[in-house]
Amino acid sequence: MFYFSECGRSMRRSRQPRWYDNFYDDSANAVGSGRIISGRQSVKGAWPWQVSLELLHPKFGYIGHWCGGVLISSEWILTAAHCIHNDVFNLPIPYLWTAVLGDWDREIEENTELRVPIDNIIIHDLFHNYQHDIAMMRLSRPANISGKSRIRSVCLPPRRPIFDASTKCVATGWGRTTPTGDLVPRLQEAVIPIHSNKLCREKYGNSVTIRSGHLCAGQLDGSTGTCIGDSGGPLQCSFGDGRWQLMGITSFGSGCAQPGFPDIYTRLSHYLPWIRSKMREKS
């Protein structure tokens, strides 16, 4: 089963803050791991499917937060393949990874966190150089995503989502808020406009091939975007029904919020058959 009665329901108790509507405009961003540049601190419980993936490196020891992830069911997390296999290392080794669910402030124990070891990692077979930049991680035990739990799964999107002027999309993560700064302790969020892939092809030219598995999104004026530490995290969109759907996974860009260059996300709707087939195989 891929959709749950409580999927995509924010745990925030108040309405969206006023900035949410005012901040949405058509104003751009990485090739590197993603962060939220010039975003805003999220409300605790607003994004209960956000995951922090912590890494125990076999040579350098405990690194802590390495990438973001997103919970799509009680057992499965999606993230970016380049978080696991990159120019620095190739570590598709489950026992090196821990998923932290229900976190908001990574520096404080808030009694909402759930730390679950990973027991299986699946990287897309065709992943290479930010093409097919998607991976699945299975939790070693199911998370409670209903009732009084502070953890929820996000809704998977339809196969052919339709974006219009009323669609609101938000990227979230604990990545850097400045290109040379540190990771932030509290979860950040930024409203992100969706563009056609044609725009990103024009902007990136021959430097990178933009294909149907990519999603072009970001502020064109460089006012905000994702950065180091945000990779693998969600780009979630609301279509007015009170639920959030996962439209993208933070993948890459021209740098951290570089003017004129939108970010590139892995387009979730493109990978629905692959995701569902892997969930069936491993169930």
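**A walk through the predicted model**

Phe 252 has a relative accessibility of 2%, so Phe 252 counts as buried. Here buried means under 20% relative accessible area, exposed means over 50%, and partly exposed lies in between (1.4 Å probe, protein chains only). This is a predicted model, in which local features need pLDDT of at least 70 and side-chain atom pairs count only at pLDDT 80 or more, while totals for chains, interfaces and linings use all residues. Residues are numbered from 1 along each chain as its sequence is written, and side-chain values use heavy atoms, with hydrogens and water left out.

Start with the overall build. The protein has three helices and 13 strands. Helices (H or I, at least four residues) and strands (E, at least two) are DSSP runs, numbered from the N terminus. Of the 283 residues, 58% are buried. The exposed surface comes to about 12200 Å², and carbon and sulfur atoms supply 49% of it. Accessible areas come from the Shrake-Rupley method with a 1.4 Å probe; for residues, only the protein chains shown count as cover.

Now go inside. In soluble globular proteins, nonpolar side chains tend to be buried together. A nonpolar core is defined here as a set of buried Ala, Val, Leu, Ile, Met, Phe, Trp, Tyr and Cys residues joined through side-chain atoms within 4.5 Å. The largest such core holds 54 residues. Ile 72, Ile 77, Leu 78, Trp 97, Leu 101, Leu 139 and Ile 275 touch the most other members. Several elements each supply at least two residues of this core, including strand S3 (61-71), strand S7 (135-139), strand S12 (244-252) and helix H3 (272-281). Strand S6 gives the most, with five residues. A second, separate core has 10 residues, among them Ala 190, Ile 192, Leu 215 and Leu 235.

What is Leu 139 in contact with, leaving aside its neighbours within four places in sequence? The list is Leu 71, Ser 74, Glu 75, Ile 77, Ala 99, Leu 101, Val 116, Pro 117, Ile 118 and Asp 119. Contact means heavy atoms within 4.5 Å.

Asp 119 leads on to the charged pairs. Asp 119 forms a salt bridge with Arg 138, with the closest N and O atoms 3.1 Å apart. Asp 119 lies in strand S6 and Arg 138 in strand S7, so this pair ties together parts that are 19 residues apart in sequence. Asp 119 is partly exposed, with a relative accessible area of 36%. A salt bridge is a side-chain nitrogen of Lys or Arg within 4 Å of a carboxyl oxygen of Asp or Glu. The whole structure has five of them.

Another salt bridge joins the side chains of Arg 115 and Glu 109 (3.3 Å, N to O). Arg 115 is partly exposed at 34% relative accessibility. Glu 109 is exposed at 55%. Is Lys 278 buried or exposed? Lys 278 counts as buried, at 14% relative accessibility.

Rings of Phe, Tyr and Trp (its six-membered ring) pair if their centres lie within 6.5 Å; planes under 30 degrees apart count as stacked, over 60 as edge-to-face and the rest as tilted. The count comes to seven aromatic pairs. Trp 47 and Trp 49 form an edge-to-face pair, 6.2 Å centre to centre with 65° between the planes. Both Trp 47 and Trp 49 are buried. Tyr 130 and Phe 252 form a tilted pair, at 5.1 Å and 50°. Tyr 130 lies in the loop between S6 and S7 and Phe 252 in strand S12, so the pair ties together parts that are 122 residues apart in sequence. Tyr 130 is buried, at 16% relative accessibility. Tyr 130, Tyr 204, Phe 252 and Phe 261 form one aromatic cluster.

His 65 sits in strand S3 and is buried, at 7% relative accessibility. The His 65 side chain makes a polar contact with the side chain of Ser 52 (2.7 Å). A polar contact is a pair of N or O atoms within 3.5 Å; within protein, one must be able to donate a hydrogen and the other to accept it, and residues adjacent in sequence count only if both atoms are side-chain atoms. Gln 219 lies in the loop between strand S10 (214-217) and strand S11 (234-238). Gln 219 is buried, with a relative accessible area of 1%. The Gln 219 side chain reaches the backbone oxygen of Val 191 at 3.0 Å.
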